[in-house]
Amino acid sequence: MASKPAPSTAFIDRAPPAPRTSRPTTDVALFTDDADHALVQSRVGLVYGFVGAASLAFYVVGVFFFALAKPDQLWKVHTSPIKVGHLAVSIGFLCAFALRRGDVRVTRRALAAIDLGGGVGLMGLAGLTSIGMVRGFPFELVILVTFVFWATLRAALVPSPPRWTALVSALAATPVAGGAYAAYLREPTWSVAILPKSILVVMVAAWSVAGVVAATTIARVVYGLRREVKSATKLGQYTLETKIGEGGMGVVYRASHALLQRPTAVKLLSRDASSETNLRRFEREVQTTSKLTHPNTVAIYDFGRTRDGVFYYAMELLDGVSLQDLVEQDGPQPAGRVIHVLAQIAGALAEAHGVGLVHRDVKPANVLLCERGGIPDFVKVVDFGLVKDVAHDDAALSSTNALVGTPLYMAPECITKPDTIDARADLYAIGGVAYWLLTGAPPFAGDNLVEVCAHHLHSVPEAPSKRLGAAVPPALEALVLACLAKSPDARPASAAELARALDACRAECVWTTEDAAARWRDRRKRPVPEAGASLGTAPTIDVARPES
């Protein structure tokens, strides 16, 4: 037997690497992920807005009392150090205005620079103010207290790692402490007359250290609590545990129900994908999938929306392996097993097609092989996010006149006339899945999207037996090639007809429950990476085409 050819890696669907679980770096990590970016940016703006407001109040009160004491010299109000205070107000409100706006998004490094530079800059101005104030009253002590207040306020509001908070606070304390020392050296105040300078030095250092320690402690508590909340987030009656998959529109978590104690998968719509169209598409995915009752279709349990507007739905947790991972890990599959799997896929799609739904993204990564109720090799079809309702479809949701699907398994009509596709496009994709299972390679591969699409339009797929270098039952091979016909009319008329044709192929290669159980026993003996159970993670495209 000839050795099987290595599958081309061009455009082959691959699940993304497992998410990292290590702690984030803290050099510029004011947040742990993109979901926190907007929150941290808003909180940084809030802190500087509050500091700006406090500085403005200080400025107004200073002008008022200056006017009462020396009304004939009111023009001096804009000279130093009042002018320095006014500059602090401007910086504070400028930062707050720029960061609090919802349509403004700065990078992580820029946000870190604003947080660090803003704190050091404001406290530097405060240190200069303590030097420039009229002697007699220990303004330097007031500035030190102000620093402690600012440091603790920032730590409480901005959810940043403790080490970053300590760095920002320590650098901000430096000009404040330096200003206090300079004030003592410039002109003694009543505190210098009462206390030895050594005591004052210790007092300034103590205030500075106290501010840094207090801020770091608060940050440790706040940041730690946020990490704990993230590790066990609750959505209604569901508690999210670990992330098990991620796709273009959503993230899937392993979860448990508070009362039923039933393992569940919860899919959340990604914040970055929360456009009005995607929200409607996400909701339609739930509604259409929940209509389907076929045992080989993933079951939907619940649907909801969090208080902060995140859409989610709960579905059965599928602890299995996708057909993508199965072939990548175990190689081409026996013909009997392929028939057994394809028949279940056809059954699930026959129900969907019967109610006017076209999946449009059938691919190995969207078909999971599980053990359900003691039955091995039980198929589950997942990810109806691109489903098209032929009878009642909304053009905006189904991307009419758009190229939708996964290139390796896309029917020719999906490329040339995507607005006219019907259930036979799914049959073409089933043919591609069958080809993958039999040979370990997709029907066509290429170096780019254009090349792959050109093959779908013009190239005749190589016979699976020739690609594999081994015999394939003739009836099965003919059926697979019929599914991959360029013309929809040359394919099986329906998924139900395909299922009947597959049943007729079983006589050539029997696949028993004992055969399947033996395969699963063998898999359990080997370390196999966990599949992204309830979300097809292979790349899918949704590219708008210009009007002709």
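Predicted model: local features only at pLDDT ≥ 70, side-chain atom pairs only at ≥ 80, totals over all residues.
**Entry 1, whole chain.** I began with the secondary structure of the protein chain, which comes to 18 helices and 13 strands. I then looked up burial and found that 48% of the 548 residues count as buried, while the accessible surface comes to about 25,200 Å², with 62% of that area belonging to carbon and sulfur atoms. For contacts between residues at least 6 apart in sequence, I noted that 74% join residues at least 24 apart.

I turned to α14, which covers residues 449-458, and listed Val452, Cys453 and His456 as buried. Looking down the helix axis, I found the buried residues of α14 within an arc of 95°, so they line one face of the helix. Val450 and His458, on the other side of α14, are exposed. When I asked what covers the buried residues, I found that the cover includes α12 (412-416) and α13 (424-439). At the start of α14, I also recorded that a side-chain oxygen of Asn448 comes to within 3.2 Å of the backbone nitrogen of Val450.

**Entry 3, a sheet of 3 strands.** I traced an open sheet in the order β7-β9-β10, and its pairing is antiparallel. The edges are β7 (321-322) and β10 (375-381), each of which has a single partner strand, so one side of each lacks a neighbour in the sheet. Between β7 and β9 (residues 367-372) I noted antiparallel pairing over 2 bridges, with Ser322 opposite Leu368 of β9. Helix α18 (residues 513-525) packs on this sheet and touches β7, β9 and β10, its direction making about 85° with that of β10.

Note on methods
Residues numbered from 1 in each chain as written. Heavy atoms only, no water. Helix = DSSP H or I, 4+ residues; strand = E, 2+ residues; numbered from the N terminus. Buried < 20%, exposed > 50% of the residue type's maximum accessible area, 1.4 Å probe, protein only. Contact = heavy atoms within 4.5 Å. Areas by Shrake-Rupley, 256 points an atom, 1.4 Å probe, with all protein chains shown as cover. Arc of directions from axis to C-beta. Polar contact = N/O pair within 3.5 Å; in protein donor to acceptor, adjacent residues only side chain to side chain. Pairing = 2+ DSSP bridges. Axes fitted to C-alpha atoms, helices over the stretch in contact; angles between N-to-C directions.
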